[in-house]
Amino acid sequence: MTLSQRIHDVERRLAEACARSGRNRSEIELIAVTKYVGVPETQAVLRQGLVHMGENRWQDAAAKWNAISGSKWDESRENAPAGQAVWHFIGSLQTNKVKDVIGKFTYIHSLDRLSLAQAIERRAEQLDMKVPCFIQVNVSGEDSKHGLQAEELIPFARQLADYPHIEPVGLMTMAPLDGEAEQSRPHFRGLRELRDELNRSAVLRQQVNGLSMGMSGDFEVAVEEGATWLRLGTVLVGHN
């Protein structure tokens with residue numbers, strides 16, 4: 001399929017999932033995970049009107065960020081994107097890479113430890129900005145997954161009050177990658193319940209709505225369980 005065909009197919013499936021769960025399409029944002037494609041393919045995604053770009057590693061993202069957001073585009077050029085990209089860092093963020101990422105990526109989806117919060121706070125304070133962050137929770141409990149354990153969430157969130165340049169906007173999780181889509185449902189439901197519990201606890205400065213969950217293989221189930229941000233790679237943008 002072409003890129004436009006893949007986008008159309010994702011939108012069709014998304015509309016059907018919204019209809020099944022009584023949700024409005026406007027509640028859900030698509031993040032085009034471009035980590036497996038290069039600069040031209042990422043530019044093509046922008047020209048199709050998808051502005052949210054997801055990357056896992058700064059080393060892989062640097063060329064794309066520099067080409068698309070690092071300098072002004074001449075809109076008369078044939079390969080110029082139609083809109084300004086909004087960058088999401090969706091992989092595990094090492095503290096020594098914070099200086100490269102903060103200020104370039106609008107959203108961080110993988111806040112999962114105090115040392116990372118401290119590094120983000122220091123860099124954000126230098127830049128005089130607030131950084132919207134999703135707190136990553138390891139709902140599945142897999143050893144291979146990053147993220148807080150469920151019982152660590154509220155104590156961790158309470159500590160974020162000491163970091164005024166971090167703006168918690170929701171929770172993120174990754175379901176097991178080797179199962180059927182339906183097997184992801186309890187993990188997505190669990191994240192939604194944790195978000196609701198977090199809001200009831202009132203330990204954050206404000207209520208949070210965001211649920212970053214659902215990937216190419218299980219995004220319809222994620223929508224049915226309340227996802228507000230979908231991280232879609234191959235099913236949406238393809239791969240090299």
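Okay, let's start with helix α3, residues 58-68, where Trp-58, Ala-61, Ala-62, Lys-64, Trp-65 and Ile-68 are buried. Buried here means under 20% relative accessible area, with exposed being over 50% and partly exposed in between, using a 1.4 Å probe and protein chains only. Helices are DSSP runs of H or I with at least four residues, strands are runs of E with at least two, and both are numbered from the N terminus.

Before going on: this is a predicted model, so local features need pLDDT of at least 70 and side-chain atom pairs count only at pLDDT 80 or more, while totals for chains, interfaces and linings use all residues. Residues are numbered from 1 along each chain as its sequence is written, and side-chain values use heavy atoms, with hydrogens and water left out.

Back to α3. What do its buried residues pack against? They pack against α2 (39-47), β2 (52-55), β3 (86-89) and α4 (98-101), and contact means heavy atoms within 4.5 Å.

Next up is helix α7, residues 185-201, which holds Arg-185. Is Arg-185 buried or exposed? Arg-185 is buried, at 14% relative accessible area. Its side chain makes a polar contact with the side chain of Glu-224, at 2.6 Å. A polar contact is a pair of N or O atoms within 3.5 Å; within protein, one must be able to donate a hydrogen and the other to accept it, and residues adjacent in sequence count only if both atoms are side-chain atoms. If you leave aside neighbours within four places in sequence, Arg-185 is in contact with Val-221, Glu-224 and Glu-225.

Not counting residues up to four places away in sequence, Asn-199 touches Gln-207 and Val-208. As for Ile-135, 64 residues from Asn-199 along the chain, the two C-alpha atoms are separated by 13 Å.

Now zoom out. The protein chain has nine helices and eight strands. Its radius of gyration is 18 Å, close to the 18 Å from the globule rule for 240 residues, so the chain is as compact as a globular protein of that length. That radius is taken over C-alpha atoms, and the rule is 2.2 Å times the number of residues to the power 0.38. The C-alpha atoms fill a box of roughly 50 × 45 × 30 Å along the principal axes.
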